[in-house]
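Subject: Structure for your review

Dear colleague,

A short account of what was found in it comes after.

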Amino acid sequence: LKPTREDFAWPQVTAETQQLIKDQLLLALRAEPLVLTRHKICDAVAMLASHVLDALSAKAGNSWPELGQMLSTLIESQDSQQRETALRLLKDMLTVNPAAVESLIAGNMRSVLELCVADPCTKVQKESVLLYAASLQ
């Protein structure tokens, strides 16, 4: 990650606005019914989380504990769409900031994959396999 990019506006946004944006993204992530829109929200959350949960950003006081809680809720949900969303988000984050994913799931990748690969929905199974493949890289 490049925290020194001149066009990266996040550090210039007030803490109150940052929290509002993070809250609204998590709300949208959970509630969005349209698949393509939910995927775009996953992309935005993954990129933002990769920055916010970056080691350098964490030293500056950035954090997002609600994201970890939301991921747990989505993964443990009986709703396959919510599980798929969580897996997609983790996979997207792995490509940008693997350490952030590790901090979010705290060494529970195996149990996450085991739970989700057993889901009856083939989309969740597919995302499980893609997450596993991304974790090997």
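Please note that the model is predicted.

The helix pair consists of H5, which spans residues 80-96, and H8, which spans residues 122-136. Their axes lie 9 Å apart, and the two helices pack at an angle of about 15 degrees. Because angles under 35 degrees count as roughly parallel, H5 is roughly parallel to H8. The crossing of the two helices is left-handed.

On the H5 side, the contact is made by Ser 80, Arg 83, Glu 84, Leu 87, Arg 88, Leu 90, Lys 91 and Leu 94. These residues meet Lys 123, Val 124, Glu 127, Ser 128, Leu 130, Leu 131, Ala 134 and Ser 135 of H8. By class, this contact between H5 and H8 comprises seven nonpolar, six charged and three polar residues.

Helices H4 (65-76), H6 (98-105) and H7 (109-117) each contribute at least two residues to its lining. H4 gives the most, with five residues. Six of the lining residues are nonpolar, four are polar and one is charged.

Yours sincerely

Technical notes. Residues numbered from 1 in each chain as written. Predicted model: local features only at pLDDT ≥ 70, side-chain atom pairs only at ≥ 80, totals over all residues. Heavy atoms only, no water. Axes fitted to C-alpha atoms, helices over the stretch in contact; angles between N-to-C directions. Helix = DSSP H or I, 4+ residues; strand = E, 2+ residues; numbered from the N terminus. Parallel < 35°, antiparallel > 145°, perpendicular 65-115°, else oblique. Left-handed = near helix turned anticlockwise from the far one by under 90°. Contact = heavy atoms within 4.5 Å. Nonpolar A, V, L, I, M, F, W, Y, C, P; charged D, E, K, R; others polar.
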